Amino acid sequence: PLQLYRIESLQELIATDNKMKNDGHALGDVIRYCLNLKVLDISDNKNLTKKFFQEAFVAGGQQLALEVLILSLNSIGDDETVHLATLFLPRAIRLQCLDMARNNIGDRGAQALACYLETASTI
């Protein structure tokens, strides 16, 4: 098994356009343990599910070093967007770039993002 405690210092993770199985569970584990990650690009991974977003982008815990988060082309819907905007993004206090283009975000998800952006101090 992957020894996740050894990747705490990872600062950039690019995992675009993949065909991950198991809802991207292994990638979710990596994201969850990389608290010093500054750039995360997981665009164009349409197999990522609601479960992935709930596990990878967990609520609570430490503040994150994340500055760039690219989630475009992932079929993200309202549930995932609300989860990100209310539980995960507030921990990313240094976030400067958020790309969620070409997803399936509706009114409810857009409203949650708008509420987050009103209070975010870095974007």
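Select helices α3 and α4 first: in this predicted model, α3 passes α4 in a left-handed crossing. For the ranges, take residues 78–88 for α3 and residues 107–119 for α4. The two helices pack at an angle of about 10°, and their axes lie 8 Å apart. Because angles under 35 degrees count as roughly parallel, α3 is roughly parallel to α4. Two packed helices are described by the angle between their axes and the distance between the axes.

Next, move to the sheet. Colour β1, β2, β3 and β4: these four strands form an open sheet in the order β1-β2-β3-β4, with parallel pairing. Which strands stand at the edges? They are β1, residues 12–14, and β4, residues 97–99. Each has a single partner strand, so one side of each is left without a neighbour in the sheet. Neighbouring strands of this sheet are turned by 5° against each other on average, direction ignored.

Now zoom in on β3, residues 68–70, together with β4. This pair runs in the parallel sense and is joined over three bridges. Pick Ile70 here, and opposite this residue you will find Asp99 in β4.

Finally, turn to the empty space inside. Rolling a probe the size of a water molecule over the atoms shows where such space is left. The structure holds one cavity of 30 Å³ or more, and the largest cavity has a volume of about 100 Å³. Select Ile31, Cys34, Leu35, Leu64 and Phe88, which are the closest to its centre of the 13 residues that line the largest cavity.

Technical notes:
Residues are numbered from 1 along each chain as its sequence is written. This is a predicted model: local features need pLDDT of at least 70, side-chain atom pairs count only at pLDDT 80 or more; totals for chains, interfaces and linings use all residues. Side-chain values use heavy atoms; hydrogens and water are left out. On a 1 Å grid over the protein atoms alone, a cavity is a set of points where a 1.4 Å probe fits but cannot get out, and a pocket is an open set with protein on both sides within 12 Å along at least five of seven lines; lining residues have an atom within 4 Å of a point. Grid points are joined across faces, edges and corners, and a volume is the space filled by probe spheres set on the points. Two strands pair if DSSP finds at least two bridges between them. Axes are lines fitted to C-alpha atoms, for helices over the stretch in contact, and angles run from 0 to 180 degrees between N-to-C directions. Angles under 35 degrees count as roughly parallel, over 145 as roughly antiparallel, 65 to 115 as roughly perpendicular and the rest as oblique. A crossing is left-handed if the near helix is turned anticlockwise from the far one by less than a right angle, and right-handed if clockwise.
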